[in-house]
Amino acid sequence: PAWLRRLCGQLLSERLMRPNGVQAVVRGVMEGTGAGGAGAEAAAVDWRKCDAVAKILASCPQQCLSLEDYCRLVCPQILDLLHIQDRLTARQFQRVATTTLLTMVKEHPQLAEKHLLQPLLAPLLRCSEA
C-alpha cells in the first residue's frame, strides 16, 4: 500500500541522514550477501543489491529540505564506506560507494564534485602541489 511505502521511505530517509546512518542501511540490506553463496548467481545477487543500495543513496528523499543538505550529510558517510577494514564487508561497501559516486556524478555533477570528488581527491591534489 502507498501509505506503507511512504512510511518506509520516511524512516529510511531519517536513518540515512543520521550519523553512521548510511553504514547502518548498507549493512542491513547487504546482510547475508556473499556469506557462503559462491558462484556466478551469488555474485549477481550481490551486484544487484549493491546497485539497488547505491540508487537509494544517490536519491534525495522527499523529506529533505534540499539536495545540498542531503549531500552535505550523506556524502561524507559514503566516502567512509571506502575505509571499512573487514575484507568481505569492505568489498561490498566499496562497490556501493563507487556505484553511488558514479550515479551522483551523472545526476548531480556539481554537488558530487563538491561533496564527493574534492574530498576524495584532496590528498592527491596536496601531493601534486608540493
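In this predicted model, D69 is partly exposed, with a relative accessibility of 24%. Its side chain meets that of R72 in a salt bridge, with an N to O distance of 3.5 Å. R72 is likewise partly exposed, at a relative accessible area of 45%.

The structure holds two salt bridges. In the other, K114 pairs with E68, and the closest N and O atoms lie 3.0 Å apart. Here K114 belongs to helix α6 (residues 109–129) and E68 to helix α4 (residues 67–80), so this pair ties together parts that are 46 residues apart in sequence. Both partners count as partly exposed, K114 with a relative accessible area of 46% and E68 at 28% relative accessibility. Side chains of opposite charge can pair when their charged atoms come close.

Attention now turns to helix α5. This helix spans residues 87–107, and its 21 residues reach 30 Å from the first C-alpha to the last, close to the 30 Å expected at 1.5 Å a residue. Its buried residues include F93, V96, L101 and M104, as well as R95.

Finally, there is the matter of empty space. Rolling a probe the size of a water molecule over the atoms shows where such space is left. The largest pocket has a volume of about 210 Å³. Its lining comprises 14 residues, and G9, S13, P61, Q62 and Q63 lie nearest the centre. Helix α1 (residues 2–16) contributes the largest share of this lining, seven residues.

Key: Residues numbered from 1 in each chain as written. Predicted model: local features only at pLDDT ≥ 70, side-chain atom pairs only at ≥ 80, totals over all residues. Heavy atoms only, no water. 1 Å grid on protein atoms, 1.4 Å probe; cavity = no way out; pocket = protein on both sides within 12 Å on 5 of 7 lines; lining within 4 Å. Points joined across faces, edges and corners; volume = space filled by probe spheres on them. Helix = DSSP H or I, 4+ residues; strand = E, 2+ residues; numbered from the N terminus. Expected span 1.5 Å × (residues − 1). Buried < 20%, exposed > 50% of the residue type's maximum accessible area, 1.4 Å probe, protein only. Salt bridge = Lys/Arg side-chain N within 4 Å of Asp/Glu carboxyl O.
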